[in-house]
Amino acid sequence: TDVARFIAEVPKCELHLHIEGTLEGELVFELARRNGIEMPYAHAEEMRRESPFHDLTSFLVGYYRNMQVLVTEQDFYDLATAYFTRAAAQNVRYAEIFFDPQAHTSRGVEFGTVVRGLRRAVVDARRTLDLHAELIMCFLRDFSAEYAMATLMESLPHRDWIIGVGLDSDERGNPPVKFEKVFARARAEGYLLTMHCDLDQPGTLDHIRQALDVIGVDRIDHGVNVLDDPTLLAEVVERGIGLTVCPISNGFVRGSAWEGATKRLLDAGVLVSVHSDDPAYFDGYVAECLARVHQETPLTIEEIATLARNAFETAWLPATLRARFL
Ligand code: ES4
Ligand code: ZN
């Protein structure tokens, strides 16, 4: 159809993608073999079958377990290069990808190993795939603020290769204010700021309020619950705060109540864009995510073009690239 062709061809921008969430089952087993790591499953299909998840907490169990196969700089390079190759094939031209340094440093992999592998993949993607990528470092919110601060300090020698910081992992009981000092310091160091306010996580409306007023975020990952609060919704519109929503990953928590949320955000005038979160787990890269939104609530080509353009508007583009994409 015209819509399918438009989705395939329009230049796209990915802003909400956890690089560890692109670790496909086949690569899990290849890296396990390469690193001599014993997996509790015989093959990718069994792994998938034996690790069902129904909410954020149960998803995160398998997510952290599988990424233990990432050990060497080359592993991180291979992970990111596999993603960039898939993304470029979908006409993704610009990507700001999340990585979780503490998911690796907490099990003995050095910060520098992670960043050097990812950075080399970024350099090669710019050269060979016509895909410009940047890195966003996320703190794991279920770890302490002190550990986040130490991670921030560890990042400083690599700051030329990290565009901003985010906050992810288990939201329950881990509000933005827990990291107020960390984000203030990150801002002072020149990083741009985003954080997850996940769909329907306990306290998420308070978390959006804190992200805006206390943290002073530049954008919000998910943030869909602003639809439940007219004051918050108006403020997000007024301040031009971008929301990076993920229709496929969020469908599994909220079910049908989620459907149509992207369209409602668009209609409300929110700077909303559509992204894939953890495509190896939720079965859909950015083109499939746009298709999912269209499947939930039919969109016009113009509305799909707006979603694609909103992503570039929300992106932290350097001036030269801004001129190229907008
Ligand atoms: C995540 Cl879906 C989701 N939510 C919070 N943290 C995450 N890290 C990776 N995927
Ligand atoms: Zn996410």
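Reader: Which residues of α5 are buried?

Author: The buried residues of α5 are Asp75, Phe76, Leu79, Ala80, Thr81, Tyr83, Phe84 and Ala87. A residue is called buried if 20 or more other C-beta atoms lie within 10 Å of its own, exposed if 12 or fewer, and partly exposed in between, with C-beta atoms placed from the backbone. This is a predicted model, in which local features need pLDDT of at least 70 and side-chain atom pairs count only at pLDDT 80 or more, while totals for chains, interfaces and linings use all residues. Residues are numbered from 1 along each chain as its sequence is written, and chains are lettered from A and ligands numbered from 1 in the order in which they are written.

Reader: What do the buried residues of α5 pack against?

Author: They pack against β1, α2 (25–35), β2, α7 and β3. Contact requires that the C-beta atoms of two residues, placed from the backbone, lie within 7 Å. Helices (H or I, at least four residues) and strands (E, at least two) are DSSP runs, numbered from the N terminus.

Reader: What makes the strands a sheet, and in which sense do they pair?

Author: Two strands pair if DSSP finds at least two bridges between them. Here 8 strands form an open sheet in the order β1-β2-β3-β4-β5-β6-β7-β8, with parallel pairing. The edge strands are β1 (12–14) and β8 (271–274), since each pairs on one side only. Neighbouring strands of this sheet are turned by 25° against each other on average, direction ignored. Helix α7 (residues 111–128) packs on the sheet, where it touches β2 (92–99) and β3 (132–140), and its direction makes about 155° with that of β3. For such angles, axes are lines fitted to C-alpha atoms, for helices over the stretch in contact, and the angles run from 0 to 180 degrees between N-to-C directions.

Reader: How do you know that β4 and β5 pair?

Author: Strand β4 (residues 164–168) and strand β5 (residues 192–197) share 2 bridges in the parallel sense, and the definition asks for at least two, so they pair. The bridge partner of Gly164 in β5 is Leu192. Strand β6 (residues 219–222) pairs with β7 in the parallel sense over 3 bridges, and the partner of Arg219 in β7 is Gly242.

Reader: Why is Gly164 called buried?

Author: Gly164 has 22 other C-beta atoms within 10 Å, and therefore counts as buried. Leaving aside neighbours within four places in sequence, Gly164 is in contact with Ile136, Tyr191, Leu192, Leu193, Thr194 and Trp316. Gly164 and Ile136 are 28 residues apart in sequence and 4.9 Å apart in space, C-alpha to C-alpha.

Reader: Is His222 buried or exposed, and why?

Author: His222 is buried, because 26 other C-beta atoms lie within 10 Å. This residue of strand β6 has a positive phi of about 75° although it is not a glycine.

Reader: Why is Asp200 called partly exposed?

Author: Asp200 has 17 other C-beta atoms within 10 Å, so it is partly exposed. Asp200 is found in the loop between β5 and α10, and its phi is near 60°, a positive value in a residue other than glycine.

Reader: Why does Val214 count as partly exposed?

Author: Val214 has 15 C-beta neighbours inside 10 Å, and therefore counts as partly exposed. Val214 lies in helix α10 (residues 204–215) and, leaving aside neighbours within four places in sequence, is in contact with Pro176, Val177 and Glu180.

Reader: Which residues surround ligand 1?

Author: Ligand 1 is surrounded by His18, Gly21, Leu56, Tyr63, Asp168, Ser169, His196, Asp198, Ser249, Asp277 and Asp278. A residue is near a molecule if its C-beta atom, placed from the backbone, lies within 6 Å of it. By class, the shell has 2 nonpolar, 5 polar and 4 charged residues; Ala, Val, Leu, Ile, Met, Phe, Trp, Tyr, Cys and Pro count as nonpolar, Asp, Glu, Lys and Arg as charged, and the others, Gly among them, as polar.
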